[in-house]
Amino acid sequence: MSDRDRRFMALAQAAAEEARAAGEVPVGAVLVRGDEVIAKGFNHPIGAHDPSAHAEMIALRTAAQIVENYRLPGCELYVTLEPCLMCAGAIMHARIARVVFGARDPKTGACGSVVDAFANPQLNHHTEVVGGVLESECGAALKSFFAERRRAGREARAAARAGVATPDGHHVQSDPDKAL
């Protein structure tokens with residue numbers, strides 16, 4: 001793992017924090033050409049009402065608009081979580097030279113965890129993949145996000161059972177007939 005990879009992954013982590021601040025799963029991405037960051041993206045499918053609004057997709061779209069070309073040869077994509085199959089397909093279509101990811105995704109990862117889209121010799125573009133850069137830090141951000149989400153869900157359910165205000169200030173009646 002190079003200092004360069006760590007530096008750009010740290011920028012992707014900062015983008016992931018933007019997703020967290022927006023209440024989205026904290027995944028961030030930066031697209032780099034040479035030593036220049038062309039674009040960044042963070043997850044926001046919930047807020048955008050868009051199932052394709054993954055960090056990688058946002059970074060790819062932004063970069064393509066900036067360079068005025070849907071092909072991005074010679075570029076590298078740094079992302080805090082292993083890309084899914086949708087993002088892997090877009091990465092290949094954009095002709096990204098290299099993908100560097102942080103945490104592995106054992107549920108939807110398309111860089112070897114579930115499938116390895118980039119290893120298929122039948123495809124016409126081959127992207128170099130490097131995984132595990134700042135893996136523990138990237139994974140910890142995701143784990144803490146989901147732990148907090150589970151904790152908030154437990155508190156809301158407990159508040160609903162007790163008929164008290166939830167952490168966000170809403171009052172919940174435990175007896176539906178009393179709400180009338």
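R98 and D5 are both buried, where buried means a relative accessible area under 20%, exposed over 50% and partly exposed in between, found with a 1.4 Å probe on protein chains only. These residues belong to a predicted model, in which local features need pLDDT of at least 70, side-chain atom pairs count only at pLDDT 80 or more, and totals for chains, interfaces and linings use all residues. Residues are numbered from 1 along each chain as its sequence is written, and side-chain values use heavy atoms, with hydrogens and water left out.

The chain as a whole has five helices and five strands. Helices (H or I, at least four residues) and strands (E, at least two) are DSSP runs, numbered from the N terminus. Read from the N terminus, the order of elements is α-β-β-α-α-β-α-β-β-α. Along the principal axes, the C-alpha atoms fill a box of roughly 65 × 30 × 30 Å. Of the 180 residues in the chain, 41% are buried. Among contacts with a separation of 6 or more, 54% are between residues 24 or more positions apart; a contact means heavy atoms within 4.5 Å.

The charged pairs come next. Side chains of opposite charge can pair when their charged atoms come close. The structure holds 13 salt bridges, each defined as a side-chain nitrogen of Lys or Arg within 4 Å of a carboxyl oxygen of Asp or Glu. One of them joins the side chains of R98 and D5, at 2.8 Å from N to O. This pair links distant parts of the chain, with R98 in strand β4 (residues 98–103) and D5 in helix α1 (residues 3–21), 93 residues apart.

R98 also meets E76 in a salt bridge, at 2.7 Å from N to O. Because E76 lies in strand β3 (residues 75–81) and R98 in strand β4, this pair ties together parts that are 22 residues apart in sequence. E76 is buried, as is R98. A further salt bridge of R98 is with E128, where the closest N and O atoms are 3.6 Å apart. E128 is in strand β5 (residues 128–130) and R98 in strand β4, so this pair ties together parts 30 residues apart in sequence. R98 counts as buried because its relative accessibility is 14%, whereas E128, with a relative accessible area of 45%, is partly exposed. Through shared partners, salt bridges join R4, D5, R7, D35, E76, R98 and E128 into one network.

An unreviewed UniProt entry carries the annotation "active site" for E56; UniProt positions are given in the numbering used here, feature names are shortened, and annotations may be inferred rather than shown by experiment. E56 is in helix α3 (residues 55–67). With a relative accessible area of 4%, E56 is buried. Neighbours within four places in sequence aside, E56 is in contact with A29, L77, V79, L81, P83, C84 and C87.

Last come the residues around an open space. Helix α5 (residues 135–162) gives the largest share of the lining of the largest pocket, eight residues. The lining divides into ten nonpolar, five polar and eight charged residues. Here Ala, Val, Leu, Ile, Met, Phe, Trp, Tyr, Cys and Pro count as nonpolar, Asp, Glu, Lys and Arg as charged, and the others, Gly among them, as polar.
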